Amino acid sequence: MAILSLGRTDFGNPVNTGNTLSEEETLGILNEWVPNERLRLHMLQVGAVMKAWALEQEDLPPDEAQKWWVAGVLHDADWEKYPDSHCRMIIEELEKREIDPAIIRTIACHGPRYFGVEPETSMEKMIYVFDELSGFIHAAALIRPTRYEGMDVKSVMKKLKTPSFAAQVDRTDIEDALSRIGTPLEEIISFIIEKQKDVKI
Ligand SMILES: [Fe+2]
């Protein structure tokens, strides 16, 4: 991927704090911007994992968890149609819609090496942790005859140590993301398997 540095680290307008998108509006953008079903599923999976983490691990109320879900579901919204402006287009769209800056900045944080925005808040750190790992775990599930059923953490750990498996997933990004939080990799993998296994398009 080309370096897509956004050239800024502040997003949205603080007066819009608290403005989120409804489920319908979020899925409307997803379906309009992302024709590729596999990518749509990835985004819905990241959204589901983000929301579950907010509710269960951060003890946040539903309206806060909704922000985590929106950021997760829309983080790759412009990847398919605008690969050269990935992240920039969806950020500008959400700024135009006057959405909470916390949601916009979280989307901008899902690839610090590419977008040049360092995760600071817990929501920002977790999208970075979940993004690559969620995709990796789904790739691992797809090659199993029973998919997610019976899938264990150990087998995912083994695949992470096999560079030829899902080679496009950068292991150093996963390590970097994990180094910013206090939860061990095994726990994160287990959480992702549990929360994304039943997500359907
Ligand atoms: Fe992603």
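**Chat about a helical model**

Colleague: Where does Cys87 lie?

Modeller: Cys87 is in the loop between α3 and α4. Helices here are DSSP runs of H or I with at least four residues, strands are runs of E with at least two, and both are numbered from the N terminus. Keep in mind that this is a predicted model: local features need pLDDT of at least 70, side-chain atom pairs count only at pLDDT 80 or more, and totals for chains, interfaces and linings use all residues. Residue numbers start from 1 along each chain as its sequence is written.

Colleague: OK. Is Cys87 buried or exposed?

Modeller: Buried, because 24 other C-beta atoms lie within 10 Å of Cys87. The cut-offs are 20 or more other C-beta atoms within 10 Å for buried, 12 or fewer for exposed, and partly exposed in between, with C-beta atoms placed from the backbone.

Colleague: What about phi of Glu98?

Modeller: Glu98 has a positive phi too, about 55°, and Glu98 is not a glycine. Glu98 sits in the loop between α4 and α5. Glu98 is exposed, with 12 other C-beta atoms within 10 Å.

Colleague: Let's zoom out. How many helices and strands are in the protein?

Modeller: 10 helices and 0 strands. Along the sequence the pattern reads α-α-α-α-α-α-α-α-α-α.

Colleague: What about its radius of gyration?

Modeller: It is 16 Å, which agrees with a compact globule of 201 residues, where you'd expect a value near 17 Å. That is taken over C-alpha atoms, and the globule rule is 2.2 Å times the number of residues to the power 0.38. The C-alpha atoms fill a box of roughly 45 × 35 × 35 Å along the principal axes. Of the 201 residues, 39% are buried.

Colleague: Which residues have the most contacts inside the largest nonpolar core?

Modeller: Met50, Ala71, Ile107, Ala108 and Phe130, in a core of 50 residues. Such a core is a set of buried Ala, Val, Leu, Ile, Met, Phe, Trp, Tyr and Cys residues joined through C-beta atoms within 7 Å. Among the elements giving two or more residues to this core are α2 (37-56), α3 (62-74) and α7 (122-142). The largest share, 10 residues, comes from α7. In soluble globular proteins, nonpolar side chains tend to be buried together.

Colleague: What is Ala108 in contact with?

Modeller: Skipping neighbours within four places in sequence, Ala108 is in contact with Leu6, Phe11, Cys87, Ile91, Phe115 and Val117. In contact means that the two C-beta atoms, placed from the backbone, lie within 7 Å.

Colleague: So where is Phe11?

Modeller: In the segment before α1 (23-33). Phe11 is buried, with 21 other C-beta atoms within 10 Å. Not counting residues up to four places away in sequence, Phe11 touches Ile91, Glu95, Pro101, Ile104, Arg105 and Ala108. Phe11 and Asp100 are 89 residues apart along the chain, and their C-alpha atoms are separated by 9.2 Å.

Colleague: Switching to helix packing: how do the axes of α8 and α10 cross?

Modeller: At roughly 115°, coming within 9 Å. Axes are lines fitted to C-alpha atoms, for helices over the stretch in contact, and angles run from 0 to 180 degrees between N-to-C directions.

Colleague: Which residues make the contact?

Modeller: Val153, Val156 and Met157 from α8, and Glu186, Ile189 and Ser190 from α10.

Colleague: Last one. Where is Glu175?

Modeller: In helix α9 (residues 171-178). Glu175 is exposed, with 11 other C-beta atoms within 10 Å. From Glu175 to Glu23 is 152 residues in sequence and 32 Å in space, C-alpha to C-alpha.

Colleague: Is Glu23 buried or exposed?

Modeller: Exposed, because Glu23 has 12 C-beta neighbours inside 10 Å. Glu23 is in helix α1.
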